[in-house]
Amino acid sequence: MSKRRIFLAFGAGVVLVALLAAPALAQNAATPAASDRVANRYTKGAMPPDASATATIPNSGIEKKIEKIPLPDFVNADRTDTAVAKQIAPGAAGVAPEGQPMDMESSVKRGLDANPQMQSARATLSGAEESRRQAMANFAPVGTVSYTFQRTDAESIGTNSQSLPGNQIINSMAGTSLSTTRTTHSRQGYWQNLYQLQLTVTQPIFTGFKLLSSYQKAALNKEYSTANIDYTELSLIKSVQQAFLTLLQARSNVQSNKDSVARLESQYKVAQAYYDVGLKPRLDVLQAESDLAAAEQTLLSSQNTVLVQTAQLNSLLNLPLNQQTNYVGGLNYLPFTMSIEDCLNTAYKQRPDLYMGVKSVQMAEKDVKIAASPLYPQIQAQYTYTKQGNSADLSLRDMSGSTTPEASAVGVSATLQAWDWGSTFFGMQSARETVKKLQADLAKLRLDVGYQVKTCYLNIQDAAKRISVARTAVEASKEGFRMAIARYQAQVGTSVDVLTAQSSLTTAETNLTQALTDYQSALADIYVAMGMRNLNLVSN
């Protein structure tokens with residue numbers, strides 16, 4: 001009786017193996033038709049998970065059993081929050097209620113229009129223009145009007161001569177020489193009001209080149225501020241493009257992780273079904289469940305990265321942080337045909353920070369002339385008109401006191417500082433050393449610009465090579481995963497082989513996404529390093 005049971009069990013096993021091996025062989029035969037799926041996925045936008053990469057189950061009784069096997073609780077819990085699923089969906093599923101879809105170019109334009117950095121740079125330019133006008137106005141004559149009131153309270157002492165008639169009679173009778181007069185003193189108090197209106201016009205004639213150098217410095221500062229707007233634009237373009245590419249990378253990683261979860265869910269159900277019929281050990285189920293949990297954690301992390309990058313991009317574009325903006329785009333290969341010599345020549349001509357460095361040196365040279373201005377005579381012309389009286393309306397109501405009703409004066413003055421114990425000389429030396437420092441900084445900046453361009457150029461070549469290798473690795477990993485599934489279903493492979501192949505496939509897809517992101521990031525970097533505004537990274 002026991003021999004008969006063993007024989008029946010053996011026969012059922014042979015039949016089951018044959019049924020499982022047939023679809024696996026058909027799956028391997030269909031491999032060439034799907035050789036370009038990954039390439040199409042990264043060049044034409046995100047595609048649904050690859051159904052052929054999942055486990056193929058024969059149409060038998062075990063297939064219905066697999067469909068009825070429930071997934072672990074942590075998988076089901078992740079699928080219940082529809083609000084989160086709607087937020088993390090790649091492409092945001094249609095037009096967002098906040099506005100139309102925004103690609104990289106429109107996002108950069110929005111950032112240039114609304115980001116506070118640009119407003120700050122424009123305000124700086126406006127301030128520089130006002131400073132230039134101020135320096136120009138200093139050449140014109142300066143008029144000063146003053147109105148003063150002065151009250152004087154004083155006491156005057158008078159001297160009077162009084163005659164002495166008695167002494168005169170005695171002198172005439174006796175022939176004496178007595179004094180015939182006597183001096184007396186009197187005190188009298190008085191007050192006086194003085195109202196004065198004065199107009200003074202001062203015209204600088206020569207200030208030791210201080211006014212001229214100050215105006216030239218203000219004009220250079222305006223040019224510096226104009227270049228600063230260009231530099232701020234390039235910095236903002238780079239920030240928006242990098243954030244946009246990081247968002248696309250995060251969305252691609254979400255899709256790749258969803259594919260990985262789908263494959264692991266299928267493998268978990270297959271392992272559970274085989275375990276239930278006694279064809280596989282419990283260890284296969286535990287391994288599949290463990291890898292599925294790890295994939296779920298990676299998926300949740302990548303979904304959170306999408307939300308974080310969306311908030312960062314909204315911040316750069318001055319949009320509400322919680323707005324689900326419909327950013328659209330893909331990680332594509334964009335050709336770059338410029339040579340390293342062309343890149344360097346373009347950077348040396350167009351980099352705004354190099355232009356700003358030149359203007360900084362020129363402004364420092366003007367500071368040297370300003371510091372040396374006390375060594376020259378200071379010449380100015382002055383005209384003064386004065387009207388005064390003893391009433392508030394500058395009229396003379398009485399003739400008491402000495403008051404000049406009107407007076408005017410014209411003069412030219414020249415002053416020269418005799419010594420200041422070396423203060424002017426030391427100031428000149430300090431300004432000259434500042435010029436040397438800025439010249440050295442400019443030379444270093446030029447070297448840094450060349451290094452940046454060279455580094456970005458090499459990064460483009462490196463990423464381009466990695467894209468080709470990564471695409472080959474994806475196709476090889478897909479084929480390896482299909483073969484591992486087929487071997488597992490034919491019971492000639494282990495669950496570890498399937499899980500390892502699935503992990504390799506996920507890693508290969510992630511590497512391809514990273515290579516495409518690095519390539520476009522290098523493009524964004526080199527355009528900014530050359531001082532070019534390429535909003536969509538398309539080569540002209």
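Helices here are DSSP runs of H or I with at least four residues, and they are numbered from the N terminus. In this numbering Val261 belongs to helix 9, and at 2% relative accessibility this valine counts as buried. Val261 and Gln297 stand 36 residues apart in sequence, and their C-alpha atoms are 10.0 Å apart in space. The model is a predicted one.

**Overall make-up**

The chain contains 14 helices and four strands. Of its 540 residues, 36% count as buried. Among the contacts in the chain with a separation of 6 or more, 85% are accounted for by residues 24 or more positions apart.

**Packing of helix 9 and helix 13**

How are helix 9 and helix 13 placed relative to each other? Helix 9 spans residues 210-276 and helix 13 spans residues 423-489, and the two pack at an angle of about 10° with their axes 12 Å apart. Angles under 35 degrees count as roughly parallel, and helix 9 and helix 13 are therefore roughly parallel to each other. On the side of helix 9 the contact is made by Arg263, Gln267, Val270, Ala271 and Tyr274, while helix 13 contributes Phe481, Ile485, Tyr488 and Gln489. Sorted by class, the residues in this contact of helix 9 with helix 13 are six nonpolar, two polar and one charged.

In helix 11, which runs over residues 340-350, the buried residues are Ile340, Cys343, Thr346 and Ala347. These residues cover an arc of only 125° around the axis, which puts them on the same side of helix 11. An α-helix has 3.6 residues a turn, so residues three or four places apart point the same way. The partners against which the buried residues of helix 11 pack are helix 12 (352-371), helix 13 and helix 14 (495-529).

Helix 6 covers residues 104-114, and its buried residues are Met104, Ser107, Val108, Gly111, Leu112 and Ala114. Helix 7, helix 9, helix 10 (282-316) and helix 14 are included in what covers the buried residues of helix 6.

**Salt bridges**

With a side-chain nitrogen of Lys or Arg required to lie within 4 Å of a carboxyl oxygen of Asp or Glu, the count comes to 18 salt bridges.

| Glu129 | Arg133 | 3.0 Å |

Asp448 counts as partly exposed, at 27% relative accessibility. Elsewhere, salt bridges that share partners join Glu129, Glu130, Arg132, Arg133 and Lys222 into one network.

In the pair formed by Arg351 and Asp353, both residues are buried.

**Residues with a positive phi**

Which residue in the loop between strand 2 and helix 9 deserves a separate look? Phe209 is placed in that loop, with strand 2 covering residues 181-206, and Phe209 has a positive phi of about 65° although it is not a glycine. With a relative accessible area of 41%, Phe209 is partly exposed.

Leu537, in the segment after helix 14, is also a residue other than glycine, and its phi has a positive value near 65°. Leu537 is buried, with a relative accessible area of 0%.

Methods:
Residues numbered from 1 in each chain as written. Predicted model: local features only at pLDDT ≥ 70, side-chain atom pairs only at ≥ 80, totals over all residues. Heavy atoms only, no water. Axes fitted to C-alpha atoms, helices over the stretch in contact; angles between N-to-C directions. Parallel < 35°, antiparallel > 145°, perpendicular 65-115°, else oblique. Contact = heavy atoms within 4.5 Å. Nonpolar A, V, L, I, M, F, W, Y, C, P; charged D, E, K, R; others polar. Buried < 20%, exposed > 50% of the residue type's maximum accessible area, 1.4 Å probe, protein only. Arc of directions from axis to C-beta.
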